[in-house]
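Subject: Structure handover

Dear colleague,

Please find the structure below, followed by an account of what was found in it.

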Amino acid sequence: MLSGEILQVAFQSIVANKLRSFLTMLGIVIGVGAVITMVALGTGAQRAVEEQIQRLGTDLLSVYAGQSFRRGVASQDRVSLTTDDADALRRDGYALKAVVPELSRNQQVKYGNRNINVNVLATTADYPEVNNYDIEAGSMFTYGDDDSRRRVAVLGYGVPDMLETNGAAMIGQQISIRGIPFEIIGILAEKGAQGFSNPDEQILVPLKTGQFRVFGTDRLRSINVQVLHPDSMNVAMIGIERVLRREHGIQPGAPNDFQIRNRTEFLSTAQETTQTFTFLLAGIAAVSLLVGGIGIMNIMLVSVTERTREIGVRKALGATRSNIMLQFLVEAVTLCMLGGIVGILAGAGGAVALAKLQGWATVVSPQAVVVAFVFSAVIGIFFGLWPARRASLLDPIEALRHE
Amino acid sequence: MTGQPQAVDFRTGDIPTPDVIILTHKLSRDYHLGSEVVRALRDVSLQIRRNEFTAIMGPSGSGKSTLMNLLGCLDTPTGGEYWLNSQKVSELDDDELARIRNKEIGFVFQTFNLLPRATSLHNVELPLIYAGVKAKARHERAVAVMERVGLGDRMQHKPTELSGGQRQRVAIARALVNNPSILLADEPTGNLDSHTSQEIMEVFEGLHEAGQTIVVITHERDIAAHATRQIHLLDGLVEQDFTTEKTA
Ligand SMILES: Nc1ncnc2c1ncn2[C@@H]1O[C@H](COP(=O)(O)OP(=O)(O)OP(=O)(O)O)[C@@H](O)[C@H]1O
Ligand SMILES: [Mg+2]
């Protein structure tokens with residue numbers, strides 16, 4: 001009944017002043033559109049960083065050999081991290097799911113009449129799973145292959161290309177690493193370049209095969225550790241530290257001769273940066289929304305003045321202060337919400353256009369849309385309140401006399 | 001043409017008898033303009049009974065509109081009591097006054113005061129909207145009262161599409177739609193030619209015959225002649241108050 005009248009009058013008034021309503025709404029459209037686009041940009045950047053973290057694995061720790069210290073002085077030679085250390089971690093570590101030692105060198109590799117120099121990585125059968133590799137063709141070697149030191153190799157996705165050969169056809173073929181023949185049993189799926197290193201350009205061989213037949217050393221490049229759960233990262237780190245200090249015979253109080261790194265650390269910094277960036281963009285866009293809100297207030301004040309006589313008539317016929325107040329508030333909120341809807345569409349369009357034309361990662365999240373919509377309604381209430389109050393407090397006699 | 005002035009014996013603390021629709025007791029309205037005080041209405045005491053048709057007359061500035069605004073609950077007095085339909089309204093708050101205006105009073109203005117963007121039917125429905133009447137009942141009542149003032153064929157017209165006399169009929173229909181205790185009209189014929197004025201006054205007469213209590217402000221004697229009682233104001237005081245024989 002009354003709500004119908006209030007809505008009807010609000011729409012009538014908006015439609016009756018089409019150009020004015022449109023220009024007023026434009027402020028909100030631009031403000032909401034800017035917020036949506038900017039937040040989409042920021043969210044896109046954040047999402048990209050998160051994906052990178054996921055790809056690296058949020059549950060991985062890397063242990064590297066560090067410097068050894070003798071009486072507080074760093075010794076010249078780097079202390080080794082050995083396969084024994086890996087075994088000890090596997091045996092005594094806490095909250096660990098997998099321990100994957102990595103022993104690697106660049107080696108001369110020959111296939112047919114082609115020669116390349118490529119990174120050969122001796123590791124265990126867990127390697128693909130822990131590092132999120134899929135198998136493209138063939139299969140991964142097993143712990144059995146490792147124990148019997150079989151000469152089998154699994155190629156990274158990029159290796160066939162380096163050898164200018166068709167990947168699938170290479171399965172079962174011989175490849176020679178440092179002059180030693182290996183049978184190719186599998187090819188890893190593509191992972192894509194990650195900054196400085198290309199994880200697709202390497203050849204995997206079983207750890208013991210590499211250790212005894214190719215490299216002739218047990219000095220590992222690193223040990224990658226997968227923890228049971230991302231939340232147990234810290235206890236796992238403490239456990240690793242304890243085991244390795246014991247293995248290396250480090251006295252209490254002496255510094256570690258190894259480093260444990262959380263792979264995602266530097267990425268969390270990047271994540272924080274993109275978050276700040278998002279807030280900044282949204283903040284700037286919000287200023288334009290504020291300006292749009294002031295436009296709404298201005299036009300509502302004009303509307304109240306123009307309709308003073310109408311307000312007087314309505315009051316004479318029995319409209320209460322709150323009836324009148326609601327009337328103008330609904331009009332302001334309707335204007336703002338219409339502007340908000342158009343702004344959301346425009347902003348989402350802008351985000352899609354930026355993604356298409358500039359190739360920027362943008363994500364229009366449903367939360368951002370809901371927040372923008374609610375916020376435009378709040379702008380309407382906030383900036384509509386004062387003009388509405390002014391209308392409601394008008395003296396009916398003076399309002400009726402108004403020309 | 002002249003009858004007896006109406007007796008007014010009412011003391012503060014009394015309650016008016018049920019047949020008295022309007023009772024003012026020493027009603028006054030002062031306007032403060034800087035240091036100067038304009039006493040637009042001075043201790044006006046009068047009673048208007050059910051089904052009286054009263055004309056309020058007097059020279060310009062005598063306080064007619066001031067009295068009308070007080071009777072219509074658009075304004076509040078600076079002194080005295082005002083009882084409407086056995087309710088003491090001189091002490092009500094803003095929302096209660098809005099309810100009284102909606103339920104008890106029907107206004108007809110000199111300048112019609114119709115909403116220009118709404119159809120005449122919607123204009124007539126307005127008081128019912130604020131009274132919270134449901135759409136169907138509202139429509140039926142508005143149509144009925146439009147037909148009663150002879151505008152059954154002008155429901156969907158906007159005010160700008162109507163003549164002055166028709167506009168005033170819409171305004172009268174709007175004033176009547178909520179069955180008010182009293183119909184108040186401030187110079188309802190002031191913007192109309194004499195022929196249309198007579199037609200409008202005939203509408204008022206018809207309503208009066210059907211039992212409606214009416215108060216009309218006018219300058220013109222031949223308009224006032226339609227009423228059954230005349231109250232003459234001068235400088236904010238009742239100068240004359242008498243019942244009349246109707247002259248056709
Ligand atoms: N808002 C106001 N502020 C100050 N003085 C006012 C106000 N309204 C009315 N007055 C004064 O009160 C007196 C009575 O005014 P009122 O409008 O009641 O006269 P009226 O009898 O209706 O005259 P008219 O026939 O010209 O309409 C006048 O002297 C007027 O100047
Ligand atoms: Mg007047």
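Helix 1 of chain B lies across strand 3, strand 6, strand 7 (182-186), strand 8 (214-217) and strand 9 of chain B, and its direction makes about 150° with that of strand 7 of chain B. Here contact means heavy atoms within 4.5 Å, axes are lines fitted to C-alpha atoms, for helices over the stretch in contact, and angles run from 0 to 180 degrees between N-to-C directions. Helices (H or I, at least four residues) and strands (E, at least two) are DSSP runs, numbered from the N terminus.

Please keep in mind that this is a predicted model, in which local features need pLDDT of at least 70 and side-chain atom pairs count only at pLDDT 80 or more, while totals for chains, interfaces and linings use all residues. Residues are numbered from 1 along each chain as its sequence is written, chains are lettered from A and ligands numbered from 1 in the order in which they are written, and side-chain values use heavy atoms, with hydrogens and water left out.

The strands named above belong to an open, mixed sheet of 6 strands in chain B, in the order 6-7-8-3-9-10, where two strands pair if DSSP finds at least two bridges between them. Strand 6 (105-108) and strand 10 (237-243) of chain B are its edge strands, each pairing on one side only, and the twist averages 15° from one strand to the next. Within this sheet, strand 3 (residues 53-57) and strand 9 (residues 229-234) of chain B run parallel and are joined by 4 bridges, with B:Thr54 standing opposite B:Arg229. Helix 5 (residues 164-176) of chain B also lies across strand 6 and strand 7 of chain B, at about 170° to strand 6 of chain B.

Chain B has another open sheet, in which 4 strands are paired antiparallel in the order 2-1-4-5. Strand 2 (36-49) and strand 5 (87-88) of chain B stand at the edges with a single partner strand each, so one side of each is left without a neighbour in the sheet. Helix 1 (residues 64-71) of chain B packs on this sheet too, touching strand 1 (20-33), strand 2 and strand 4 of chain B, and its direction makes about 120° with that of strand 1 of chain B.

Between the chains, helix 1 (residues 2-16) of chain A packs against helix 3 (residues 120-131) of chain B at an angle of about 130°, with the axes 9 Å apart. That makes helix 1 of chain A oblique to helix 3 of chain B (angles under 35 degrees count as roughly parallel, over 145 as roughly antiparallel, 65 to 115 as roughly perpendicular and the rest as oblique). The contact involves A:Leu2, A:Glu5 and A:Gln8 on one helix and B:His122, B:Leu126, B:Ile129 and B:Tyr130 on the other.

B:Asn102, in helix 2 (residues 94-104) of chain B, counts as buried at 4% relative accessibility (buried means under 20% relative accessible area, exposed over 50%, partly exposed in between, with a 1.4 Å probe and protein chains only). Not counting residues up to four places away in sequence, B:Asn102 touches residues of both chains, including A:Leu317, A:Gly318 and B:Tyr130.

In chain A, 5 of the 5 residues of strand 10 (residues 202-206) are buried. Strand 10 of chain A pairs with strand 5 (residues 114-123) of chain A in the parallel sense over 5 bridges, and with strand 7 (residues 152-155) of chain A in the antiparallel sense over 2 bridges. A:Ile203 is the bridge partner of A:Val120 and also of A:Leu155.

Best regards
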